[in-house]
Amino acid sequence: MGNKVSNTLKLIVFFLIFYAFSQLYYTRNFNFIEDFELIIGEASNIPATWVGSKDVDKNIPILILAGHADSQGLAGAGTPGEAVDRFGLNPMHPEISDELFWNLKLQESIVKLGKKKGLNIRSYDPGIRNIDDPNDPRTNWSVGRRFAKRGGYAIEIHFDAYGKYGIGSGLIPPFSDPPNKIDESIARTFGRFPVSFRGGLGAPRRQIRILEIGKLEGLLEKNLRNLKTRQKTINLLANEIVQAFLNGII
Ligand SMILES: [Zn+2]
């Protein structure tokens with residue numbers, strides 16, 4: 001009996017120390033190292049052979065979608081991230097997944113910077129955070145599909161799951177449209193997934209690209225969560241994406 005109690009105590013103390021360290025890990029100040037590849041972490045290493053060689057008109061309309069913006073129900077809400085799921089920290093927002101929180105922040109920055117750099121770029125946010133029918137005309141996929149059908153470049157941004165649950169950064173090209181020079185340019189920055197990744201996901205089947213920025217863990221998540229490095233990190237990511245667009249169309 002006594003042994004059982006002391007074991008339980010040991011376990012509690014262990015978890016308290018673990019919790020304290022994880023809190024410290026996420027809140028202490030540290031120097032921001034502006035190293036893009038180090039920050040986004042590993043890229044997908046699944047073999048992918050596609051090459052984007054189709055020329056792109058420099059005025060191509062670009063649409064940036066935030067992954068999971070219309071699916072905050074039980075399934076498909078996006079990754080809670082390592083900080084919440086593994087270290088027990090509070091979510092960034094009580095009603096949405098941490099992934100969506102960052103997807104929305106990054107979406108806004110990409111469009112703002114892209115406009116400044118002369119891109120024909122815009123965003124779409126369904127506003128309604130849970131639309132059950134993926135073919136409802138207000139979903140990301142429906143709006144993206146119509147946009148792509150009219151010749152635009154629609155891309156949905158995501159952060160991948162942490163640890164063994166995720167794969168890493170990379171671009172999933174559209175399922176049946178041939179990949180173009182923007183796809184190639186983004187893949188050179190972020191890596192690439194095969195066209196038929198997981199049998200062809202809902203977005204690529206609607207000719208919407210998926211960009212996995214990186215796993216929501218480690219240095220990337222830490223840099224996003226820390227107030228002193230948050231904006232710098234979002235700017236760094238937005239800048240790399242906008243630069244990849246510019247490199248692909250010029
Ligand atoms: Zn996602």
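The side chains of Arg129 and Asp125 meet in a salt bridge with an N to O distance of 2.9 Å, a salt bridge being a side-chain nitrogen of Lys or Arg within 4 Å of a carboxyl oxygen of Asp or Glu. Arg129 is partly exposed at 24% relative accessibility, and Asp125 is partly exposed at 35%, where buried means under 20% relative accessible area, exposed over 50% and partly exposed in between (1.4 Å probe, protein chains only). This is a predicted model, in which local features need pLDDT of at least 70 and side-chain atom pairs count only at pLDDT 80 or more, while totals for chains, interfaces and linings use all residues. Residues are numbered from 1 along each chain as its sequence is written, and side-chain values use heavy atoms, with hydrogens and water left out.

**Salt bridges**

- A search of the whole structure finds 9 salt bridges, among them that of Asp55 with Lys181, whose closest N and O atoms are 2.6 Å apart.
- This pair links distant parts of the chain, 126 residues apart, with Asp55 in the loop between helix 2 (36–40) and strand 1, and Lys181 in helix 6 (residues 181–190); helices (H or I, at least four residues) and strands (E, at least two) are DSSP runs, numbered from the N terminus.
- Asp55 counts as exposed at 58% relative accessibility, whereas Lys181 is partly exposed at 35%.
- Glu82 forms a salt bridge with Arg86, the closest N and O atoms being 2.8 Å apart; Glu82 is buried at 7% relative accessibility, while Arg86 is partly exposed at 47%.
- Glu184, Arg188 and Arg192 are linked in a network of salt bridges.

**Surface patches**

- Lys115, Arg122, Arg145, Arg146, Lys149 and Arg150 form a positive surface patch; patches are made of residues with over 30% relative accessible area and no salt bridge, like charges being joined within 9 Å and nonpolar side chains (Val, Leu, Ile, Met, Phe, Trp, Tyr) within 5 Å.
- Helix 5 (residues 140–149) gives the most to the positive patch, with 3 residues, whereas Arg150 lies in the loop between helix 5 and strand 3 (153–160) and is exposed at 66% relative accessibility.
- A nonpolar surface patch is formed by Leu11, Phe14, Phe15 and Phe18, which together have about 420 Å² of accessible area (Shrake-Rupley method with a 1.4 Å probe; for residues, only the protein chains shown count as cover).

**Buried residues and their contacts**

- Arg209, in strand 5 (residues 209–215), is buried with a relative accessible area of 4%.
- Leaving aside neighbours within four places in sequence, Arg209 is in contact (heavy atoms within 4.5 Å) with residues including Tyr153, Glu156, Asn180 and Asp183.
- Ile249, in helix 9 (residues 230–249), is buried at 12% relative accessibility, and its C-alpha atom is separated by 8.4 Å from that of Asn59, 190 residues apart along the chain.

**Positive phi values**

- Most residues other than glycine have a negative phi.
- His68, in the loop between strand 1 (62–66) and helix 3 (81–85), has a positive phi near 75° and is buried at 16% relative accessibility.
- Gln207, in the loop between helix 7 (202–205) and strand 5, has a positive phi of about 65° and is buried at 13% relative accessibility.

Notes: Lys, Arg positive; Asp, Glu negative; His and termini not counted. Charge placed at Lys NZ, Arg CZ, Asp CG, Glu CD.
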